[in-house]
Amino acid sequence: MKQILRYVALSLLLVLATETTLAQQPQFREQHKVKRKETIFGISRMYGITIQELIAANPEMNTPGYELKKGDYINIPWPKSQPQAPQNDQPTASSQQPVAPAKPADVDVRQRAIRVGIMLPLHKVNGDGKRMLEYYRGILMACDSLRANNISTDIRAWNVAEDTDINTFLRDPKAAECDVIIGPLYTKMVKPLADFATQHDIRVFIPFSINSHEVLVNRNIMQVYQPATEQNETVINLFMERFSDTHPVFIDCNDTTSQKGIFTFGLRRRLETKGVGYKITNLNSSDGAFFSSFSTTKRNMVILNTGRSKELNAAMAKLNGLRLSHPELQISVFGYTEWMLYTRYQLENFYKFDTYIPAPFFTNFSSPQTERIMLKYRWNFHCDMMSNALPRFAITGFDHAYFLLKGIHIYGKNFSGGAGMVGYNPIQTPLHFERIGNGGLKNRSMIFVHYLPERRTEPIYF
């Protein structure tokens, strides 16, 4: 009898030990066999989990230099927001009495996944497609970050190339279900998309330069970039506010192809209206004539009438010669957005001449935020962002989507994109919108990127 009891006790101990061991083991939904060209980002989206959840289930992914390899098996966890499946085959109460899902119009967008449509050229045929593909990837990364903050999204994407009829895509029933559509890239597509948005009460977020006037009459439109004439007017206004105490010097660079005359002419007219004196000189002027255009008592603000690299090189050489002969002069330079492409060989001159560059974005490559998102992009998509493009399109897509979708999640249809509504610090592209009369919303943010003589760069936000 004692021997039987001893066996029973031993059996119970084994059962308890087995149950304890099983309880300590992590419970995963399944294992996924990696296929060729699959990425961590793509697999996380496939299973509806965040990158962070996937990495937590596979700690080896934190190893420096880790790469997915074809044939690897990785653990797929249950999403934190979703309970694990029952451990037996008995039907649950919810499976016995299924509840019909609510129709899209029945649920406030703040209480469900935001349905996001992407109508952009998403291909690798030409530059437009490649840039927008990178921008789209930035949107996906933002959605993944939002998911980690319990903001869900439902992405529907259409490859709307330049030679296609956007109405073909608007006939897709999924398009009418969207809460917001990001696009289009081409002006000819704005009118049909705007009319469609009005019909179905959809927000349209136009991310890049468009010449359409639909934003003036359609309340559903949010337009990020403004036409050159409006940007010039904004920059002129800010110049007058910030540099009214300087002595402007306009340098004619003899560039017959330049289109910067619209800015320099407008700034000169404004200076004249305000009674602010200025001088005009030429790159070909003699050293004496060139010097005579500068003030010896006030800070000189130099403005070129070109954005080209060749003329900028010549102007910087002329200014360096002037500084060498007259070190007492206070000289600053006011430039153009495209000058940020020349920092590789002009950075020292930008610092030396206290340069200000107006732009709707600023990419600080030394910031931890920028380094982190560029690393995540490489990790997710097995390639780097386009290095010859400013702004970086993936970071632009991330900033746009994070700002827009978080705002919709908080305010629903009442989101207007005003300053301070979202509380998001952009990595590269600031946004704050203003209503245009009874029409749509225009982004009014602008940055003066300031290259200080102590060799540091600061963005001045407006």
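Predicted model: local features only at pLDDT ≥ 70, side-chain atom pairs only at ≥ 80, totals over all residues.
Local features need pLDDT of at least 70, side-chain atom pairs count only at pLDDT 80 or more, and totals for chains, interfaces and linings use all residues. Residues are numbered from 1 along each chain as its sequence is written, and side-chain values use heavy atoms, without hydrogens and water.

**Stop 1: helix 8**

Select residues 190–200, which form helix 8 (helices are DSSP runs of H or I, at least four residues, and strands runs of E, at least two, numbered from the N terminus). Here V190, L193, A194, F196 and A197 are buried, meaning under 20% relative accessible area with a 1.4 Å probe, protein chains only. These residues lie on the same side of helix 8, because they cover an arc of only 160° around the axis, taken from the directions from the helix axis to the C-beta atoms. Next, select D201, which follows helix 8 and has a positive phi, near 55°.

**Stop 2: the largest pocket**

Select S209, Q226, A228, Q231 and T337, the closest to the centre of the largest pocket among its 33 lining residues. A pocket is an open set of points on a 1 Å grid over the protein atoms alone, with protein on both sides within 12 Å along at least five of seven lines; lining residues have an atom within 4 Å of a point. Now select helix 9 (228–242), which gives the most to this lining, with four residues.

**Stop 3: the largest cavity**

In a cavity, a 1.4 Å probe fits but cannot get out. Select Q226, Q231, N443, S445 and M446, the closest to the centre of the largest cavity among its 13 lining residues. Helix 9 supplies the largest share of this lining, three residues.

Note on methods: Buried < 20%, exposed > 50% of the residue type's maximum accessible area, 1.4 Å probe, protein only.
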